[in-house]
Amino acid sequence: MAVSEDGTSDSQVPDMIDGRAGVSLTQAPPQPGAAKRHALRDQKRWLLDEERRLRDMESHAVEWAKATTAGTFWSKLNAVDFMNSSLQFAVLAVLCLFPFVFLFSAESGGDARHALIARLGLDQQAARDVDQLMSSGSHAVTDLSIVGVALVLLGALGIASTLQIWYQRVYDQPPALNWTRQLANRLLWLGGLLVYLTVQDFSWSQLKHLGGARVTTQIATLILALAFYWWTPHVLLMGRIAWRRLFPAAVATAVSVTGLGVFSALFFSGQIVSGDADYGPIGVVTVLLSYLIGLGVCLHLGAVAGRMWNERGSQPPAGPEELPAAVDK
């Protein structure tokens with residue numbers, strides 16, 4: 001064994017460095033707590049990277065969905081505020097349009113309840129509930145004053161004004177400056193509405209007498225709706241949109257309205273009967289309001305679909321490959 005000059009063996013030298021006995025030069029083993037902290041820090045960093053990557057993927061997916069036809073269609077519907085407008089339409093129809101139509105029907109010797117029941121496709125029990133809710137209106141005609149007639153007419157003009165605003169939004173048309181012509185066109189539309197409802201009621205009654213099937217009735221409904229909803233935006237927009245550009249909207253609206261009639265014939269009778277049994281007349285009114293809300297939605301769907309059909313060749317929707325790629329893992 002080697003001995004140093006001061007008599008200390010070489011094996012004891014490492015323990016005598018800096019005059020401090022017992023201090024070793026070997027590295028201390030890592031503490032378990034530090035390793036755990038490093039692992040947690042790495043895991044947190046990985047989770048943040050994953051969250052960032054998922055957000056990027058979600059953002060690209062949303063942008064791609066908005067660029068598709070369905071996404072563009074939904075964006076345009078929201079732009080015209082279709083749900084709130086449909087709710088407004090339903091309330092105005094019950095408060096303003098129904099009195100106008102029922103008054104005209106009673107004055108001409110008819111009964112608008114039959115047309116409403118036929119339009120909804122109700123069975124006998126649901127039809128009785130609607131009959132009990134509404135009177136024929138014949139007694140109201142004789143008691144109505146000139147002021148009352150004017151108020152009913154103003155309410156009906158409110159419906160025409162509402163539809164006019166809808167079509168102006170969809171087709172990006174400014175309000176007309178000539179208010180007299182605007183009023184005349186709204187009155188013309190009301191007259192056309194009465195003709196449309198009268199012809200529709202007559203066709204349904206004739207098909208029923210001839211033993212026409214439900215499919216034949218729906219075809220007649222589709223044809224009449226196509227003609228009326230092709231003419232409606234032309235009149236309310238005062239001829240500023242060409243007939244050929246309004247035809248796609250007419251087709252889409254007619255199909256939507258006819259589909260709503262099929263849906264109501266399948267489901268609304270039971271809803272009216274149960275609503276009347278549970279809540280009385282207010283239950284029947286609720287079902288009628290839901291139908292009118294659906295009608296307002298159908299009008300929006302048809303108009304927006306027609307507008308998009310006209311624009312289909314101008315700005316094609318971008319595919320997923322045209323959008324920025326998502327961040328890799």
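Which helix gives the most to the nonpolar patch? Helix α8 (residues 179–209) does, with 3 residues; helices are DSSP runs of H or I of at least four residues, numbered from the N terminus.

The model is predicted, so local features need pLDDT of at least 70 and side-chain atom pairs pLDDT 80 or more, while totals for chains, interfaces and linings use all residues. Residues are numbered from 1 along each chain as its sequence is written, and side-chain values use heavy atoms, without hydrogens and water.

**First selection: the patch.** Select L153, W179, L183 and L187, which make a nonpolar surface patch of about 380 Å². L187 is found in helix α8; its relative accessibility is 39%, so L187 counts as partly exposed, that is, between buried (under 20%) and exposed (over 50%).

**Next: helix α9.** Residues 214–236 form α9, whose 23 residues reach 32 Å from first to last C-alpha, close to the 33 Å expected at 1.5 Å a residue. The expected span is 1.5 Å times one less than the number of residues. Buried residues in α9 include F228, Y229 and L236. After α9 comes M238, with a positive phi near 55°.

**Last: the cavity.** Select W166, Y167, V170, L299, H300 and A303, which line the largest cavity. Elements giving two or more residues to this lining are α7 (146–170) and α11 (281–310). The largest cavity holds about 30 Å³ of space. On a 1 Å grid, a cavity is a set of points where a 1.4 Å probe fits but cannot get out, and lining residues have an atom within 4 Å of a point.

Definitions and conventions: Patches are made of residues with over 30% relative accessible area and no salt bridge: like charges are joined within 9 Å, nonpolar side chains (Val, Leu, Ile, Met, Phe, Trp, Tyr) within 5 Å. Accessible areas come from the Shrake-Rupley method with a 1.4 Å probe; for residues, only the protein chains shown count as cover. A salt bridge is a side-chain nitrogen of Lys or Arg within 4 Å of a carboxyl oxygen of Asp or Glu. Buried means under 20% relative accessible area, exposed over 50%, partly exposed in between (1.4 Å probe, protein chains only). On a 1 Å grid over the protein atoms alone, a cavity is a set of points where a 1.4 Å probe fits but cannot get out, and a pocket is an open set with protein on both sides within 12 Å along at least five of seven lines; lining residues have an atom within 4 Å of a point. Grid points are joined across faces, edges and corners, and a volume is the space filled by probe spheres set on the points.
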